[in-house]
Amino acid sequence: MKQSWTGPRLAGAFLLAASVAILIAVTSISGRGGYATSGPRFVPLLVAIGLLALSALYLARTFIRPDVALAERSAQEDAATHWATPGLIMAVLLAYAFLLEPIGYPLATAAVFIAIARLLGSRSIVRDAIVGLVLGFGMFTAFTQYLGVSLPAGLTPIF
Amino acid sequence: MAVLAVIADLIDGFATVLTPENLAFAAIGVLLGTFVGVLPGIGPALTIALLLPITFNFEEPTGAFIMFAGIYFGGMYGGSTTSILLNTPGESASVATAIEGHEMAKRGRAGPALASAAIGSFVAGTIGILLLTFLAEPVADLAVQLQPPDYFALTVLAFVSVTALVGSSLTRGMLSLFLGLFIGLIGIDQVSGASRLTFGVNQLNNGVDIVLVAVGLFAVGEALYVASRLRHTGEDEILAVEGAKTLSREDFRRSWRPWLRGTALGFPFGAMPTGGAEIPTFLSYATERRLARGKAKEEFGKGAIEGVAGPEAANNAAFTGVLVPLLTIGIPTSATAAILIAAFQIFDLQPGPQLFEQEPDLVWALIASLYVGNVMLLALNLPLVRLWVKVLEIPRELLTAAILVFATLGVYSVSGSVTEVLIMYVIGVLGFFMRRFDFPVAPVILGAILGPLMEAQFRRTLLVSDGDFGAFLERPFAVVLFVLAILALVVPVAVSSVRRVRGLGEED
């Protein structure tokens, strides 16, 4: 079976880097007690060291006594993954977060619904638009009128 | 008489629950829980996390918890419907049900499979709730005597068992757990007031809400993962529910023993501080397979009803069992239980022995509502099977888009802040990569919710003992738990080493 080590090694390197960043962040925790066992730094220090050791172990296992099952799974995943789709969806979601308040919940939600459905391969824009608008306005009405949760109205021409 | 006192308390609980309004809440909870739980890829934990905002406007916690009891059972049952008809279990506890259930559905026996799962869930749920009713107060009374070292040991055992016994690699499981512990540490330290690991983001001072972590990991992570593979996997085939919708006399005869055996396996496993429904469901599957005789033996692997009845009952019994440590000790032992803690926190309630003393009415109303939810589930779901099958026909692209929209709505309505939504998206991207590299997700949730509790008990112990670590070993109960935790870590590794030495195939 095909094996791929690139993915697991990148993941290991990322985890290792993140662990170092966390360890550095631990040293900058202030407050009384410091590293004393009952102080604010002790448990974070243990967690950071644990993360560092486990990340190193994970990365090491891609070189020494390699975890073959992981590499085979990784190769299968590589073949099946279409990177553009989740990437573009994340971009749409980021835009959603920033436009939610200026545009308002109902319209932003309808737009995001249509965009994501399209990215996922839907070709019936009328259906998606209807579902998106019903979802956006329906949820907005339900939450603001009946559940007592306030959602941004933005440009919404109602209420 | 203790038994009479329990029955009197329970009757009071029913008096609270059996109002038209509360019965309506229970029905809505069951329907919503089943509806969301049926959606492919959504397990009970995410079902509850997504439905949390509904209860914000409740003034009384009682109505909210009655609804959650319905959602809890509905979400679980919905998951098994999906595994049987679509073979895409939303969580690992439904995997065993899917094996035989999906085979039965392929042979046109989806109706009996679903009915056996539904009635088995009801039987297991009822027995489980009865046990919970009579165990709850005695266990809570014992829990009052627990000291910080005991609590610390309990959390360690819960961590070890969810990490070592679930998933395929101990290293990856431990990494997931430590990521969860890290997330749990973020925010202001309760003892010293120091701001910890916030990386300069002010919103992180209050810590990362568990709902955010669950929705990010389960909903956004899963949706992105589905999106990344959508072009390579065709539509899953949804199997029709044809023919008989109920159990024939023979199906019933073959189902009732597995239901009881599954319950007997599921409840104790769920109720122990190790928690989890995966092990008992697989044990039940293995037991039924070994005990099968005659026709059943031939059918195993090709759709034997025993293989649905047993694991499904075990699953439901374990889920009910998980409520014992959750309500009495305040320790969640599964991802779903961790989200339930978040539901309690919305109403400023902390499950545990104190809850029995301070809010007995609420506790007994909650237990009574479990009975109601369980009956409601059976009454509503057997006739509604065809409706749930329709839910499965929602196109995947619309479903995924809707899940992302609802995930955002859930977090935004909890926090009212775009920053928290962005943090949830970051956790979602993390969840996507965790799925891609086969890291288990449940330990993250458990680490994030139990980590702060563990740290508090750890520091309290060492404060009292003046830094002497021997204090952890002075309590016999704690020592027993530590030994169990070490065994849970060492035994699987030792078994796989022995297998490797004997050349029985590498398995990590």
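User: What area is buried between chain B and chain A?

Analyst: In this predicted model, about 5800 Å² is buried between the two chains, and carbon and sulfur atoms give 74% of that area.

User: And how many residues does the contact take from chain B and from chain A?

Analyst: Chain B contributes 64 residues to the contact, and chain A contributes 71 residues.

User: How many salt bridges are found across the interface?

Analyst: There are three salt bridges between chain B and chain A. One of them joins A:R127 to B:E397, with the closest N and O atoms 3.7 Å apart.

User: Which element gives the largest share of the side of chain B that touches chain A?

Analyst: That is α17(B), which supplies 12 residues. The elements of chain B that each supply at least two residues to this side include α8 (170-185), β2 (195-196), α9 (210-229) and α18 (418-436).

User: What is that side made of, by class?

Analyst: The side of chain B that touches chain A has 39 nonpolar, 14 charged and 11 polar residues.

User: Changing topic: which residues form the nonpolar patch on the surface?

Analyst: The patch consists of B:V3, B:L4, B:I7, B:I11, B:L130 and B:F134, and together these residues have about 520 Å² of accessible area.

User: Which elements give two or more residues to the patch?

Analyst: They are α1 (2-17) and α6 (110-144) of chain B. The most comes from α1(B), with four residues, while B:F134 lies in helix α6 of chain B.

Note on methods. Residues numbered from 1 in each chain as written. Chains lettered and ligands numbered in written order. Predicted model: local features only at pLDDT ≥ 70, side-chain atom pairs only at ≥ 80, totals over all residues. Heavy atoms only, no water. Contact = heavy atoms within 4.5 Å. Buried area = accessible area lost by both parts, 1.4 Å probe. Salt bridge = Lys/Arg side-chain N within 4 Å of Asp/Glu carboxyl O. Nonpolar A, V, L, I, M, F, W, Y, C, P; charged D, E, K, R; others polar. Patch = residues over 30% accessible without salt bridge, like charges linked within 9 Å, V, L, I, M, F, W, Y side chains within 5 Å. Areas by Shrake-Rupley, 256 points an atom, 1.4 Å probe, with all protein chains shown as cover.
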